[in-house]
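Subject: A structure for you to explore

Hi there,

Here is the structure I promised to pass on to you. Please open it next to this email and follow along as you read.

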Amino acid sequence: MKLGILNEFNNKHDSYIKACNDLNIEYCVVDIISDNWIDNIRKSKCDGYLVRPSDGKEAWKRMYDEKLYFIEKVLKIPIYPSYIEIFIYENKKNMSYWLDINMLPHPKTWVFYSKDEALQFVNNYKQFPLVFKTNLGSAAIGVKYINKKSHAIKLINRVFPKFRFYCRGYTKWRKTRYGVSYPVMDDKQYSYIIFQEKIDVKVEWRIIKIGESYFGHQKLSDGKYHSGSGLVGWVEPPRELLDLAKKVCELGSFGSMDFDIFEDTKGNYYINEMQTVFGSYNPSQMYINGRPGRFVEKNGEWVFEEGYFNQNRSYNLRVEDFVKQMEKRQRA
């Protein structure tokens, strides 16, 4: 078996290289960014491809969605994560559509491509604050709480064209590790807007599934946002959240997925984010009473297994899962 590793704009595919070396798996790095990407795929003669899709800019994300469609759907070559996992990754529109279609609990989300429809919605909305989100953006980048109708109208006027030719667009801001913010001028959002209902969040949970391994912990707030705070509560996750993650992954045939789930003050759960790749710097993504480990399902029961399973940012787990999938295909 030979695996291809598709390159990434900021070399985030390096973790796959380390994983293949650790697991003694033959691989080659394939340039998918180049104009010659189709020839590169053909010449590599790989059995499947490992993908770390870019999330820095919407144009980069769109490139992966376009090219990976042809690899998996037209050339019929397996990729990991799967196309649908990558299609909803860092795309709040696609994620909300998928959750709606599958009737899964999540904050009510409205996506408007019509300025008139967006204005009509805001003028009739009675439950401010409202949440504004950019389509792409992690760690609370591009998230705003809208407390007044006038603020929402201001955002609508910014993202939709005026006089059919002029549009300011919405500019996201990023923070450096030193706390300095800067505008991302080449990644503006135009001609559509996303609003979401604000949930009265008591706790936010992160539940992770990679292959047969499940992990969970709390995401603590920095006073305003849970996402991007970097604060973790090592608390044993409720079994119903493990069940929910398993149900969703079975619906989508997902191999690698994390869920950021709101628990409101009434004990209801809402899926807020789904990401097929995510920040994973700790060698364990779960500690129970100080013990690192994972959950696996055995005979319908969740069983805790102690150990460190998330070395190399969880990429070893992903490669192991893809190899198992590939071997299953070959046997079939």
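Below is what was found in it, topic by topic.

First, some ground rules: this is a predicted model, in which local features need pLDDT of at least 70 and side-chain atom pairs count only at pLDDT 80 or more, while totals for chains, interfaces and linings use all residues. Residues are numbered from 1 along each chain as its sequence is written, and side-chain values use heavy atoms, with hydrogens and water left out.

**The open sheet**

Helices (H or I, at least four residues) and strands (E, at least two) are DSSP runs, numbered from the N terminus. Two strands pair if DSSP finds at least two bridges between them. Four strands form an open sheet in the order β2-β1-β3-β4, with parallel pairing. β2 (26-30) and β4 (79-80) are at the edges with a single partner strand each, so one side of each has no neighbour in the sheet.

Isoleucine 5 has valine 29 in β2 as its bridge partner, and glycine 4 stands opposite tyrosine 49 in β3. Of the five residues of β1, four are buried (under 20% relative accessible area; exposed is over 50% and partly exposed is in between, using a 1.4 Å probe and protein chains only).

**Asparagine 40**

Helix α2 (residues 37-44) holds asparagine 40. With a relative accessibility of 23%, asparagine 40 counts as partly exposed. Its C-alpha is 6.4 Å from that of valine 30, a residue 10 places away in sequence. Contact means heavy atoms within 4.5 Å; leaving aside neighbours within four places in sequence, asparagine 40 is in contact with Val30, Asp31 and Ser34.

**Helix α5**

Why is helix α5 (residues 92-101) described as largely enclosed by the rest of the structure? Because seven of its 10 residues are buried. Among them are Met95, Trp98 and Leu99. The buried residues of α5 pack against α4 (83-87), β5 (109-112), β6 (130-133), β10 (193-197), α8 and β15.

Asparagine 91 caps the N-terminal end of α5, with a side-chain oxygen 3.2 Å from the backbone nitrogen of lysine 93. After α5 comes methionine 103, which has a positive phi, near 55°.

**Serine 284**

Look next at the loop between β15 (269-275) and β16 (287-288), where you will find serine 284. Is serine 284 buried or exposed? Serine 284 is buried, with a relative accessible area of 0%. Its side chain reaches the backbone oxygen of methionine 286 at 2.6 Å. Not counting residues up to four places away in sequence, serine 284 touches several residues, including Trp234, Pro292 and Tyr308.

**The second largest pocket**

A pocket is an open set of points on a 1 Å grid over the protein atoms alone, where a 1.4 Å probe fits, with protein on both sides within 12 Å along at least five of seven lines; lining residues have an atom within 4 Å of a point. The second largest pocket has a volume of about 500 Å³, which is the space filled by probe spheres set on the points. Of its 21 lining residues, Lys209, Gly211, Glu212, Asp321 and Lys324 are the closest to the centre. The largest share of the lining, six residues, comes from α9.

Happy exploring!

Technical notes: A polar contact is a pair of N or O atoms within 3.5 Å; within protein, one must be able to donate a hydrogen and the other to accept it, and residues adjacent in sequence count only if both atoms are side-chain atoms.
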